[in-house]
Amino acid sequence: MTSELPSLSGKVCIVTGASRGIGKGIALILAKAGATVYITGRTLDATEGKPPGSLRQTAEEIGEESCAGQCIPVQCDHGNDEEVQKLFDKVSKEQNGRLDILVNNAYNGVKAIIENSGEPFYEQPLHTWDDMNDVGLRSHYIAAWHAAKMMVPDKQGLIVNVSSPGGLRYVLNVPYGVGKAACDRMAADMAVELKEQNVACISLWPGAVFTEQIKDLIFKPENEKSVITPDFFVKAEDATFSGKAVAWLAADPNIMNKTGRILVTAELGQEYGFKDVGGVQPASYRQVKTLVSWKYPSVSWMIPEFLHVPCWLIAAGTHKF
């Protein structure tokens, strides 16, 4: 077991949607590991009355941590193709065409999920689909398209799509599930075409993460009936836990053995030997003890922690044939 981070000195990274939440946590860890990290988001400076978090704040916090690497904030709306093009042009120019890691984390659907909680798709506004899948699915494809053009000539690179188990079966609403399933499939299919170029592409499933935006939204009186409540985050992972997962994946010399797969942050922690804040080892979605505790907490203590639901069984259970 280890609490140390691998060295990513000399690596160039882009983390989208890094003004707060998981993206911010990933950017912090990659910079601590020594990488040069470009962070993107629509908010460069904090604005009164807006959700907490900005690119400038993220960069300042990373600077205060005395990281071995550096953080470069770039204001970018990932729903605007021209701005995304300018982002990759900037990175290419400043880093001599080098890009080692792309983390597709930008997502614009949290507000729509909470505000439309419990409503069937036909009673939700039509723009709910775009709110969740324009920046979050389409934007992942666009960013990966640009990233691959930089990675393929160097025959190396890692593309990470931040996703969730919502792609397995119905969770929250229709647009959410379709978008997450598509993110997972996108990573798998891109991996097929990138494998011969030695570029890895994976889908990453963090556990529940109590981000700043979720805190800001679920405590509003108008959202008190949302299915997403503070109780859901009792055993939440810190945002930096996902960052540790990405750092260890990026440093893994055998990363191509994982390309095209869905990877769970908790299981990566067990594999690589890193833990969450406070020395906590988060539980996997596949851990039987965890699954039982959601419905039968009084008996979950009897179940050994090493028991996991096999991946093949999960895959079989999601078949629609």
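Two remarks on conventions come before the structure. The model is predicted, so local features need pLDDT of at least 70 and side-chain atom pairs count only at pLDDT 80 or more, while totals for chains, interfaces and linings use all residues. Residues are numbered from 1 along each chain as its sequence is written, and side-chain values use heavy atoms, with hydrogens and water left out.

Let me begin with the sheet. Strands here are DSSP E runs of at least two residues, helices are H or I runs of at least four, and both are numbered from the N terminus. Two strands pair if DSSP finds at least two bridges between them.

Six bridges join E2 to E3, and valine 37 stands opposite cysteine 71 in E3. With E1, E2 pairs in the parallel sense over four bridges; the partner of isoleucine 14 is tyrosine 38 in E2. How many of the six residues of E2 are buried? Six of six are buried, where buried means under 20% relative accessible area, exposed over 50%, and partly exposed in between, with a 1.4 Å probe and protein chains only. In a regular strand the side chains alternate between the two faces of the sheet. In E2 both faces are covered: Thr36, Tyr38 and Thr40 are buried on one side, and Val37, Ile39 and Gly41 on the other.

The next element is helix H3 (residues 81-94). At 1.5 Å a residue, its 14 residues should span 20 Å, and the end C-alpha atoms are 20 Å apart, which agrees; the expected span is 1.5 Å times one less than the number of residues. In H3, Val84, Leu87, Phe88 and Val91 are buried. These four cover an arc of only 85 degrees around the axis, which puts them on the same side of H3; the arc is that of the directions from the helix axis to the C-beta atoms. On the other side of H3, Glu82, Lys86 and Lys93 are exposed.

What caps the N-terminal end of H3? Asparagine 80 does, with a side-chain oxygen 3.0 Å from the backbone nitrogen of glutamate 82. After H3 comes asparagine 96, whose phi is positive, near 55 degrees.

Finally, two further helices. Helix H1 (residues 21-32) reaches 17 Å from its first C-alpha to its last, close to the 16 Å expected, and 11 of its 12 residues are buried. Glycine 34 follows H1, with a positive phi near 105 degrees.

How values were computed. Polar contact = N/O pair within 3.5 Å; in protein donor to acceptor, adjacent residues only side chain to side chain.
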